[in-house]
Amino acid sequence: MNILVIGSGGREHALTWKLKQSPAVSRIFCAPGNAGTAQLAENVAVSANDLVGLLRFTKQNDIRLTVVGPDDPLAAGIVDIFRADKLRIFGPTKSAARLESSKIFAKELMRAGKIPTAEARTFSDAQAALDYCEEAKFPVVIKADGLALGKGVIIAPDSKTARSTVEAMMNERRFGDAGRRIVIEQFLQGTECSVHALVDGENYQLLESARDHKRVFDGDKGPNTGGMGAFSPANNWNEKLRSQLETKVIQPLIRALRREDIRFQGLLYPGLMITSDGPRVLEFNCRFGDPETQALLPRLKSDLVPLLEATIDGSIARHSIEWDQRPSVTVVVASAGYPEKYETGRPISGLDKAAGLEEVQIFHAGTKQVNGELVTAGGRVLAVTALGTTIVEARNRAYHAVSQVHFEGCHYRGDIALSAVKG
């Protein structure tokens with residue numbers, strides 16, 4: 001079959017890399033893709049947000065399966081548009097994708113389903129939010145209601161920071177319409193964990209666990225990013241927590257969605273805080289995580305194509321998923337200044353040497369070819385993943401590979417998966 005992967009980041013390169021391994025696949029197209037996907041597939045000059053252009057391309061090129069990477073096309077209703085034309089597409093409908101595109105909708109659904117999460121207040125009036133900042137118990141977490149590239153979450157340690165954050169989101173519109181409404185919630189103590197699930201509307205299959213590193217600097221310092229690295233499996237996850245996730249989060253969520261006449265089909269991953277009282281949902285995501293996907297897919301031994309198709313067909317319960325038991329570590333290599341202002345167009349060297357190392361896979365994110373030269377084209381440039389018999393070996397391999405890669409302003413965290421090494 002011909003497959004279309006929508007998106008241009010490291011997640012989409014990883015998906016393309018894994019899908020390419022399936023005997024069911026003849027051609028893969030990426031829209032718009034990057035320099036890494038161009039080595040495996042045919043890049044198409046159509047934006048991930050050009051829903052009409054994507055629909056036209058799919059119909060003209062006998063695409064039998066479309067896989068949506070980013071959240072924006074899902075929130076805009078690409079699945080509804082494709083389904084209306086009887087086209088097979090992996091991802092939730094616009095209504096179901098509100099779990100990610102509206103944190104307020106997700107909070108209300110969690111309340112209705114009695115799903116464990118942080119206590120929260122929602123605001124559509126800036127002055128009411130500012131007034132609340134004078135009486136709140138700090139620290140608090142302030143979230144833009146809509147999509148903000150993973151950067152619309154601010155931890156405010158005091159009233160002054162909270163007020164300036166509210167001003168930036170609601171009055172200065174730093175995140176555009178995404179910050180028109182906000183959530184101010186209780187700060188939860190614990191450690192974070194990500195668990196993906198393929199959900200077919202009724203049933204689901206959990207994927208392996210992972211841990212993301214959101215802050216830009218070592219020691220979890222600096223602003224939130226889209227993710228600076230990940231490792232799998234998570235060192236704060238076990239069978240008891242898995243059981244709690246299933247009975248207290250996934251199953252009640254599917255029931256709560258069905259009460260709203262919403263059938264969720266696609267990839268669901270709740271970002272979790274593992275507290276002393278068990279897992280608490282920080283947020284819901286409705287697509288593969290980035291960079292968690294780059295850590296998970298090298299461990300996936302099963303063919304990905306039948307799993308995606310079963311999710312669409314409502315038959316995921318009939319499938320089992322096989323995993324490589326070895327751990328993986330993914331280090332994101334970014335441009336200096338990310339997630340704020342950064343420069344692009346910097347030549348990249350050393351990739352061939354890094355990619356040739358044992359059990360190392362390099363996924364491109366913000367890259368492109370200019371006059372035959374590979375250059376930076378985004379904030380997150382590369383994701384370097386390594387497998388090892390132990391987390392120490394995987395980590396050493398990943399960082400050895402990263403040390404071979406060079407471009408001006410190259411930045412990466414030096415403590416990815418360090419917590420798993422220290423125990």
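First, the ground rules. The model is predicted, so local features need pLDDT of at least 70 and side-chain atom pairs count only at pLDDT 80 or more, while totals for chains, interfaces and linings use all residues. Residues are numbered from 1 along each chain as its sequence is written, and side-chain values use heavy atoms, with hydrogens and water left out.

Let me start with the whole chain. The protein has 14 helices and 22 strands; these are DSSP runs, with helices being H or I of at least four residues and strands being E of at least two, numbered from the N terminus. For 423 residues, a compact globule would have a radius of gyration near 22 Å, and the protein agrees with that at 21 Å. That radius is taken over C-alpha atoms, and the globule rule is 2.2 Å times the number of residues to the power 0.38. Along the principal axes, the C-alpha atoms fill a box of roughly 55 × 45 × 40 Å.

Next, burial. Of the 423 residues, 60% count as buried, where buried means under 20% relative accessible area, exposed means over 50%, and partly exposed is in between, with a 1.4 Å probe and protein chains only. Contact means heavy atoms within 4.5 Å. Among contacts between residues at least 6 apart in sequence, 69% join residues at least 24 apart.

Now the cores. In soluble globular proteins, nonpolar side chains tend to be buried together. A nonpolar core here is a set of buried Ala, Val, Leu, Ile, Met, Phe, Trp, Tyr and Cys residues joined through side-chain atoms within 4.5 Å. The largest one has 32 residues, and Ile-3, Leu-19, Val-67, Phe-90, Leu-198 and Leu-308 touch the most other members. Elements that each supply at least two residues of this core include strand S1 (2–7), helix H1 (10–20) and helix H11 (304–313). Which element gives the most to this core? H11 does, with six residues. Leaving aside residues up to four places away in sequence, Leu-308 touches Leu-19, Val-67, Phe-90, Leu-198 and Phe-288. There is also a second, separate core of 31 residues, which includes Met-110, Ile-115, Tyr-204 and Leu-206.

Ten of the eleven residues of H1 are buried, so H1 is largely enclosed by the rest of the structure. Among the buried ones are Arg-11, Glu-12, Trp-17 and Leu-19. Their cover includes S1, H11 and strand S18 (360–364). Helix H6 (residues 103–113) has eight of its eleven residues buried, so H6 too is largely enclosed. Just after H6, Lys-114 takes a positive phi of about 55°.

Last, the backbone. The peptide bond from Ala-31 to Pro-32 is cis, with omega near 0°, and Pro-32 lies in strand S2. The bond from Asp-290 to Pro-291 is also cis, with omega near 25°; Pro-291 lies in the loop between strand S16 (278–285) and H10. Arg-173 is not a glycine, yet has a positive phi of about 55°. Is Asn-371 buried or exposed? Asn-371 is exposed, with a relative accessible area of 80%, and has a positive phi of about 50°. The loop that holds Asn-371 runs between strand S19 (367–370) and strand S20 (373–376).
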